[in-house]
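Here's a quick tour of a predicted model, going from strands to rings to the open space between them. Have the sequence and the 3D view ready.

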Amino acid sequence: MKVYNFEDDSQNTTPTLDEQYMREALKLAKRAFEEDEIPIGAIIVSNGKIIGKGYNLTERLNDVTAHAEMQAFTAAANFLGGKYLRDCTLYVTVEPCVMCAGASYWTQISKIVYGAKDEKRGYSSINEKIIHPKTIIQPGVLENECAELMMSFFRNKR
């Protein structure tokens, strides 16, 4: 089993709601890490309840579209019984790629909160307009922990 170390961003004793939910997404990212998947986790919250969860399953499913966000979108849509995720928030440990950002556009999700920025493949480095114009973006929540998990994964691959 691989070992990873990451800094604890919870310096203050009272984490924000965004930090609490991001910790749930981090748990899923750690599960992906343990399964030798790229460690990205995602949850979707509606009315204070987690209604969708996912982590990368691209290796297990041999499917390039099996990203954490896509898994969470599907679970949340199934929970709600409809394809739109208005009044929902996506918490994801790494900035969404263009595919996941595009999917978020079609779900009309209200807010996206992400941890680490993805300078190479994140949607904002390619096309920020791919996000729905009404979607609120909150970057950098538990950024150090999210980034360290990704760096640890790739260090172990080298």
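## Strands around S3

Strand S1 (residues 41-46) and S3 run antiparallel, joined by 5 bridges; two strands pair if DSSP finds at least two bridges between them. Ser46 has Cys88 as its bridge partner in S3. S3 also pairs with strand S4 (residues 111-116), this time in the parallel sense and over 5 bridges. There, Thr89 stands opposite Lys111 in S4. To get from S3 to S4 the chain goes through helix H4 (residues 98-107), and this β-α-β crossover is right-handed (with the strands pointing away from the viewer, the path from the first strand over the helix to the second runs clockwise). Helices (H or I, at least four residues) and strands (E, at least two) are DSSP runs, numbered from the N terminus.

How many residues of strand S3 (residues 88-94) are buried? It's 7 of the 7, so S3 is largely enclosed by the rest of the structure. Buried means under 20% relative accessible area, exposed over 50%, partly exposed in between (1.4 Å probe, protein chains only).

A word on the ground rules: residues are numbered from 1 along each chain as its sequence is written, and side-chain values use heavy atoms, with hydrogens and water left out. As this is a predicted model, local features need pLDDT of at least 70 and side-chain atom pairs count only at pLDDT 80 or more, while totals for chains, interfaces and linings use all residues.

## Aromatic pairs

The whole structure has 4 aromatic pairs (ring centres within 6.5 Å; planes under 30 degrees apart are stacked, over 60 edge-to-face, the rest tilted; Trp counts by its six-membered ring). Phe33 and Phe153 sit with ring centres 6.0 Å apart and planes at 70°, so they're edge-to-face. That pair ties helix H1 (residues 17-34) to helix H6 across 120 residues. Phe33 is buried at 1% relative accessible area, and Phe153 is buried at 3%. Ring pairs also bring in Phe154, making a cluster with Phe33 and Phe153.

Tyr105 and Trp106 are edge-to-face too, at 5.3 Å centre to centre and 75° between the planes. Tyr105 is partly exposed at 30%, whereas Trp106 is exposed at 65%.

## The largest pocket

The largest pocket holds about 730 Å³ of space. A pocket here is an open set of points on a 1 Å grid over the protein atoms alone, where a 1.4 Å probe fits, with protein on both sides within 12 Å along at least five of seven lines; lining residues have an atom within 4 Å of a point. Grid points are joined across faces, edges and corners, and the volume is the space filled by probe spheres set on the points.

Of its 22 lining residues, Val94, Asp118, Arg121, Met150 and Phe154 lie nearest the centre. H6 gives the most to the lining, with 4 residues. By class the lining has 10 nonpolar, 3 polar and 9 charged residues (Ala, Val, Leu, Ile, Met, Phe, Trp, Tyr, Cys and Pro are nonpolar; Asp, Glu, Lys and Arg charged; the others, Gly among them, polar).
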